[in-house]
Amino acid sequence: MNSARHILPRLKLPPAPLRGALIAIPSSQPYRSYSSHHHDTSKRKLNLPINYNDSTYLSHTPSSALAHPELPAGFASKTKRMNLYSAINDALATILSTDSKSLIFGEDVSFGGVFRCTMGLLDQFGAQRVFNTPLTEQGIMGFAIGLSSSGYTALPEIQFADYLFPAFDQIHNEASKWRYRSGGAKVFNSGNLVIRMPTGAVGHGGLYHSQSPEGFFLGMQGVKVVIPRGPAQAKGLLIAAARCGDPVVFMEPKILYRGAVEEVPVGDYELPLGKAQVVKEGKDVTLISWGTMLYTCEMAAKAAKERLGVDVEVIDLRTVHPWDKETVTNSVLKTGRCVIVHEASRAGGVGESVGAEVQERCFTRLEAPIERVTGWDVPMPLVFEPFIVPDVARVFHGIKKTVEY
Amino acid sequence: MRVPISRSLCALSRSQPSLCPQSRRALLSSPGVRSLSSRFTTPRSLSYTATRSLSSTASRNGGIRQAPDSDSVSFPGAVKSKFTHKLEFHRPQDMPAMNTYRYINAEGVVVDTERKLDIDKNMARKMYQDMVRTSIMDLIMYDSQRQGRISFYMVSAGEEGIAVGSAAALEAEDVLYSQYREQGALMYRGYTLDEFMSQLFASKDDYGKGRNMPVHYMSEKLHLHPISSTLATQIPHAVGAAYAMKMENAQSVVACYFGEGAASEGDFHAALNIAATRDCPVVFICRNNGYAISTPTLEQYKGDGIASRGIGYGIETIRVDGNDIMAVYAVTKAARELASKNQKPVLIEAMSYRVSHHSTSDDSFAYRAKVDVEEWKRRDNPITRFRKWLEAKEWWSDDEEVAFRTQARKDVLTAFAKAEKAKKPPLGDIFTDVFAEMTPELKEQRAQLKAILEEYPDEYELGEFDNSRL
C-alpha cells in the first residue's frame, strides 16, 4: 500500500455533467481500477490505509500545535485547522502582507492555482502582485531571478515538479550561482526567491505528475531544497524560505494538499531551514525520511515496535539539501543502524548522499549496512505505482533486515 | 498534453464534488459561460476572478460570442482576423525584408536630414573616444592573452558602435543586462580601466572576487548585472528587472543585450513573450554580427533576422545599421522613450559584422575567408565612419587622433600593469557567498582544505593570494 491509494478513494468523483460522457459508453466492465481506487484490504496487516487524523506527526489540538519547541519564545497565536494547501495559502498571504516587494506568479495562479494554493490572493493583493505568466518554465524562472536580483521577493510556482526541468538551467546556472559570481553583492543575488512546486506520487499521476526530483539538486550549490510533511510545518518553512536570503526550492507533497490536516498557528512564524527534526525518539534504529513518506515510516515504526519490539527513532529531514548532518549523525551514533526512505528512484536519490555521509561519520558505530527503501530505478508507471512507492511493508522489511543483520 | 492529465488529477483531488478548476476555467472562457456558471455555485473569489477575466476578454475581443454575420473572427486566441475564402499560406519569401535605419552613410554624411540628434560636441567626442579606447583595450588584452598573461578574452571589433551608441542613449539609472561583447557600453557608462583590468586579471579588487572568467563584468554602481557565460539566460532576467521597475513606477528602463545566436535559445522566446504579456519596460538590443562562433546566420535561422520575430510577439521593433553609431543612438533613444512612456518592451536589431575572432579560443579563419574580414574592416566599420562625420564637423582632427590613441594606450597599459601586479583575492573567498550564511558543510570543507594546505604548503602558489589563510 502507499498513502496515495488511501487518500483519494475517500474523495468523491466529479459531478454528473463531467461524468456524462463516461456513463454513456456501453461497457460490461466496471470503471477501470486506477491505483488510487479502493481495494479490499481486509487481509492486509501492514499496508493499511493511512489515517492522517491518527498521526502523531501532526498537531490535532491547538495546545500541541503551540507546544512546538521551535516556535519563537513567547509566541502566542490562535490556531486553525488547515490542510496543506490552506496552510501554503496562509503562508503566502503572510509573506505578501509583510513584504510589500513580494510577488507570486506562474501558470494559472491568478484564479487560485490548479491546487488552490493561491486562492483569494489576487483579490487581496492585486493583479500586479499575483499574476499568470505564459506557459514557460524557463521564462518563469528567469523572470523570477530578474525580480529577485532587483530587490524583490519572487515566489514563482512550477505547476508540477515534473515540469521543473525546462527551468533547470536558470536554477542551476543562474539562481544558484548568482550570489557567488557577483562576489556576494548586496542586491545582485537571487536570494529572495522561493520556487514552489507540487511533488511526489498522487496515486495516478503516471510519469509526469508523480516525480520527486529533489535528488537532482544535490549537485547544485547555493540552493536549498525544502520538503514539508504537514500544514504547520509547511507554513513555517515557507515563510522562513522567503526570508532566508537564499534561493529555496520548496516542494509540496501534492498528496498531502487535502490529505494532511492539523491545527496551524494563524500568526506569523518561521521554522528553521537546514535543520532536521526528530519526530519520534528511539534507541534501536534511525529511520530517515521526509514529506509524505513520514506517515509510511510512522506506521512501519509502529509495526516494528509491535512485531519486533524494535524502538525506531524517526527523523524528518525537512531540508533535504543541504541536509542536517549533525542531527542524523547524533542519532545513528546512538542507534547504530540507519534506514533511509524516499519516493524518488534509488540511483541519484538523496539516500545516496545520506548513506555515504553516515557511513563516513558513523563507521565505527554502524552495526548493519545502511538500508535504503526507495522508488525503483524506473519512471513512474501509472498502474504499477503501488509497487514503486515505498509502503509500510517495504519500510518494515527494511527495518527488520537491518536489526536482524 | 498535460492539461487533460492534470485536470483529471485535480478533479480527483477535490474533496468537494464540483467542477475541477481547469474545467471550470475552460468553461468560463468559452461561449455560453454565463448560463453555465449560473448552474454552479462558485466561491466568491473565484467568481470575482472569472468576472475579471471575462471583462478583459470582452474588452479585448469586443464580446466573446461569434456574431453570425461578422466578417472577422472572435475566437479568443486571434481577434480581428478577417475571414477569407482564399486558401493562401503566408509565405515568408513574399514579405519584404525589414528596413535598416541609417543616420549617416558609409562616408559619414547625414542621410536622415529630418532628424536632429541631441549630440553636442562633447558628447560626440566622448562617444568616439570610448569606441577607440575600447578597441585599443581589446587589442592589448587580446595580445596579452596570446602571451598567456590572462586566461581568456573576447574583443568587440566591429561592434563598438552598437555598444557605445546604445549606452549613450540610455540614462544613468537604466539597468543593463549584457551578454559579453558590450564592453563599449561599460566604457561609456564610466567603468574605469582599473575596473576592467581587475576583472580580467581576477585580482583582489575584482567585484566578482576572481570567481568568473575574464570579460564577465559587473557593477552595482553602474547597474550592470553580473555577466554569465550561459547564453540568453539574461534575457528573462532583464524582463523580471523591468517588471520590478514598473512596480516602482520608475521612469527607467532595462536594456538587454544579446547576439543573434543567443536569440535561438528558448530563453529568448520566453523572455519576449513575458515582456509583451506583462508590459515590461525593457529594450532588447540584439547584436546581429553574422556569426555565432563558426555558425553563419544562414544556419542560425531562416526568417528575416531577429527583428521579424518581434512583431510576432506583439513587440514594436526596429532594425538599425550597427556600424552607424548615430543611428544606434537615435534608435535606442526612441526605443527607450517608447518603453518608458508606454511601459512596454521594444526590440532593436543592430546589424554588424564580427570583425574579430569569436574569442581568444577561436581562429575564425577556419570557417571564413580572411579577405572578407579585411574587406569589412577597411570598407565599413563604426569607428572610421563616425570619425568621418566628426571631422566633417571639425570636431576632431588627425593630431587629436594621434594624441588620443597614444594616451589611451598608455592609460590601458598603466591599469594593466597595476592589475597584473595585484594580489589575487583571499583564499577564504572560495567558500563564502555560496549561501548568505556559510553552511556547516562548507565550514567543514574549508577546514579540510586548510589542513591540506598546512600539510602540503609547497604544492600550491599561496603567495599569489591576498590572504592565504583559511
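Me: Before we look at this predicted model, what does it take for two strands to pair?

Reply: Happy to start there. Two strands pair if DSSP finds at least two bridges between them. So the number to look for is at least two bridges.

Me: In which sense do strand 13 and strand 14 of chain A pair?

Reply: Strand 13 of chain A covers residues 338-345, and strand 14 of chain A covers residues 371-375. Five bridges link the two strands. One facing couple to find on screen is A:Val341 opposite A:Val373. The sense of the pairing is parallel.

Me: What is the handedness of the crossover between those strands?

Reply: Follow the chain from strand 13 of chain A into helix 13 of chain A, residues 350-361.

Me: Why is strand 14 of chain A largely enclosed by the rest of the structure?

Reply: A residue is buried when its relative accessible area is under 20%. Strand 14 of chain A has five residues, and it is largely enclosed because the buried ones among them number four.

Me: Turning to chain B, what share of its residues count as buried?

Reply: Chain B has 16 helices and nine strands. It exposes about 22600 Å², with carbon and sulfur atoms supplying 52% of that area. Of its 470 residues, the buried share is 51%.

Me: How far apart do the C-alpha centres of domain 1 and domain 2 of chain B lie?

Reply: The domain assignment places domain 1 of chain B at 121-421 and domain 2 at 427-469. Between their C-alpha centres the distance is 36 Å.

Methods: Residues are numbered from 1 along each chain as its sequence is written. Chains are lettered from A and ligands numbered from 1 in the order in which they are written. This is a predicted model: local features need pLDDT of at least 70, side-chain atom pairs count only at pLDDT 80 or more; totals for chains, interfaces and linings use all residues. Side-chain values use heavy atoms; hydrogens and water are left out. Buried means under 20% relative accessible area, exposed over 50%, partly exposed in between (1.4 Å probe, protein chains only). Accessible areas come from the Shrake-Rupley method with a 1.4 Å probe; for residues, only the protein chains shown count as cover. A crossover is right-handed if, with the strands pointing away from the viewer, the path from the first strand over the helix to the second runs clockwise. Domain bounds come from an automatic or database domain assignment.
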